[in-house]
Amino acid sequence: MALKALIFDVDGTLANTEHDGHLRAFNEAFEFYGLDCYWDSELYAELLSVSGGKERLAFFIKKYKPDLLKSSSSLEIADIHRKKTDIFISKISDGLISLRIGVERLIYEAKDNNLRLGIATTTSFENVRAILESSLGKDVMNNFEIIGAGDVVKNKKPSPEIYNYVLKKMNLSAKDCIAFEDSEIGFKASTASGLNTVVTLSEYTMADNFKGALVVLDHLGEENQPFQMVYGMPTHHTMVGVDYLKELYECTN
């Protein structure tokens with residue numbers, strides 16, 4: 001057996017999107033609609049246990065602000081989320097959201113070595129496209145065979161549905177691939193699909209449980225910024241590249 005494909009999560013995995021992106025965009029959307037609502041970092045860390053922006057907002061309203069929308073009977077969760085998405089994309093256009101260390105290098109190295117690429121995320125397709133195109137140009141989307149995003153499946157992470165969807169579309173077995181995640185709910189989704197997973201910790205996931213991951217790192221690494229091993233077998237590699245991924249893959253097959 002040989003490694004055939006890499007499947008990436010987006011928020012927190014491909015890009016640093018949460019604190020300066022999604023969190024600020026939600027708060028600006030609340031302000032735009034004149035809602036008495038503000039999410040600080042501590043609250044947002046709790047809300048990240050719910051996957052999906054609309055679902056996260058609905059959870060918050062039910063638990064903390066059940067009367068939030070009563071003052072404006074025509075305003076719905078979908079309206080707030082749509083405004084939040086517009087604000088988030090504008091932040092990307094303004095250069096406020098960056099790819100994580102080593103992501104660009106790994107994408108092109110994988111393509112050069114004939115590894116297939118897919119994306120499995122709960123964020124919207126519009127967000128995925130904005131993040132990748134703003135950082136890597138208009139043609140970057142062509143590098144990904146399938147982008148499973150947003151509401152293409154009924155149940156979002158930690159359900160494995162989005163990974164199962166991507167695997168089916170790519171006509172691959174989980175044993176053919178390695179997944180990349182940054183959060184516990186994403187890790188639960190990938191492992192429930194049978195995918196071996198590389199975890200790169202992000203700003204809100206330092207304390208999450210990743211028992212069973214192939215390896216847990218602070219990032220993917222670059223020549224001048226070697227990764228730090230959090231969990232996993234010691235290695236001479238300082239960057240996550242194709243050779244290192246093949247070594248990790250061979251240890252599980």
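This is a predicted model: local features need pLDDT of at least 70, side-chain atom pairs count only at pLDDT 80 or more; totals for chains, interfaces and linings use all residues.
Me: How many residues does helix α4 have, and what span does it reach from its first C-alpha to its last?
Reply: Helix α4 runs over residues 77-93, which makes 17 residues. At 1.5 Å a residue you'd expect 24 Å, and the helix comes close to that, reaching 24 Å.

Me: What covers the buried residues of α4?
Reply: The buried residues of α4 include Ile80, Ile87, Phe88 and Ile92. Their cover includes α1 (18-32), α3 (53-64) and α6 (125-136).

Me: Over which ring does the charged end of Lys84 sit?
Reply: Lys84 is one of the buried residues of α4, and so is Phe88. The charged end of Lys84 is 5.2 Å from the centre of a ring, and that ring belongs to Phe88.

Me: Are Phe30 and Trp39 stacked or edge-to-face?
Reply: Phe30 is buried at 0% relative accessibility, and Trp39 is buried with a relative accessible area of 0%. Their ring centres lie 5.2 Å apart. Planes over 60 degrees apart count as edge-to-face. Here the planes sit at 70°, so the pair is edge-to-face.

Me: How many residues apart are Phe187 and Phe210?
Reply: Their rings make an edge-to-face pair, because the centres are 5.7 Å apart and the planes are at 75°. The pair links distant parts of the chain, with Phe187 in helix α8 (residues 184-192) and Phe210 in the loop between β5 (196-200) and β6 (215-217). That puts them 23 residues apart.

Note on methods:
Residues are numbered from 1 along each chain as its sequence is written. Side-chain values use heavy atoms; hydrogens and water are left out. Helices (H or I, at least four residues) and strands (E, at least two) are DSSP runs, numbered from the N terminus. The expected span of a helix is 1.5 Å times one less than its number of residues. Buried means under 20% relative accessible area, exposed over 50%, partly exposed in between (1.4 Å probe, protein chains only). Contact means heavy atoms within 4.5 Å. Rings of Phe, Tyr and Trp (its six-membered ring) pair if their centres lie within 6.5 Å; planes under 30 degrees apart count as stacked, over 60 as edge-to-face and the rest as tilted. A charge sits over a ring if NZ of Lys or CZ of Arg is within 6 Å of the ring centre and within 35 degrees of the ring normal.
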